[in-house]
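Hi,

Here's the structure I said I'd pass along.

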Amino acid sequence: MKDFVDSLIAEWLTVVPDLDLSGLPVIARIVRMSHYVSMHVDANFAKYGLNVGEFEVLAALTRNPDEQLSPKELQKKILISSGGLSNIVNRLESKELISRAQDPSDRRGVIVSLTPAGKELALKVVRTHVAIEADLADGLSEQEREQLTALLKKLIMSQKKDLN
């Protein structure tokens, strides 16, 4: 059975027969799967009036035992630029899902905290989110999921820039 990537490879090889396509099968399929994941995840978050970045901030705060983090700590947990995070924090604050307060240990810093409504929403959304992830991975057996998980982790860990 051929997929889009098989056709892509064949097309490139007819045009450039000596092209090194050793990475293409893996990366192109990751990119295509990422598209499908994004489609489903974005649609789910939209039902709750959120986007991916907003959910990631709410989720990071919810997973944190005291439900508060500095913007710098949030950046590490969700891999986003400070400008992007600032926009997300502003939107979530205007929706009354988070609040900002002065950091008691750093007069120049702030602490971002969940509001009760923010925590309630995050806990509701995470259930639908993980259900979508399970559904997307349903085409693989448990053993295949474990194998793919290990391989993707190995690939990610091989990148010098991975921040964990």
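A term to start with: buried means under 20% relative accessible area, exposed means over 50%, and partly exposed is in between (1.4 Å probe, protein chains only). Bear in mind that this is a predicted model, where local features need pLDDT of at least 70, side-chain atom pairs count only at pLDDT 80 or more, and totals for chains, interfaces and linings use all residues. Residues are numbered from 1 along each chain as its sequence is written, and side-chain values use heavy atoms, with hydrogens and water left out.

By that cut-off N64 counts as buried, because its relative accessibility is 14%. You'll find N64 in the loop between helix 3 and strand 1 (68–69); helices (H or I, at least four residues) and strands (E, at least two) are DSSP runs, numbered from the N terminus. The N64 side chain reaches the backbone oxygen of Q68 at 2.9 Å.

Now the core. A nonpolar core is a set of buried Ala, Val, Leu, Ile, Met, Phe, Trp, Tyr and Cys residues joined through side-chain atoms within 4.5 Å. The largest one has 23 residues, and L50, V57, L58, L61, L74, L92 and I98 touch the most other members. Helix 3 gives the largest share, 6 residues. Beyond its neighbours within four places in sequence, L61 is in contact (heavy atoms within 4.5 Å) with E67, Q68, L69, L74, I98, V112, S113 and L114. Another core, of 5 residues, lies apart from the largest one and includes V5, I9, L24 and A28.

Lastly, strand 2 (residues 98–103) and strand 3 form a hairpin with 2 residues between them. D103 has D106 in strand 3 as its bridge partner.

Cheers

Notes: A polar contact is a pair of N or O atoms within 3.5 Å; within protein, one must be able to donate a hydrogen and the other to accept it, and residues adjacent in sequence count only if both atoms are side-chain atoms. Two strands pair if DSSP finds at least two bridges between them.
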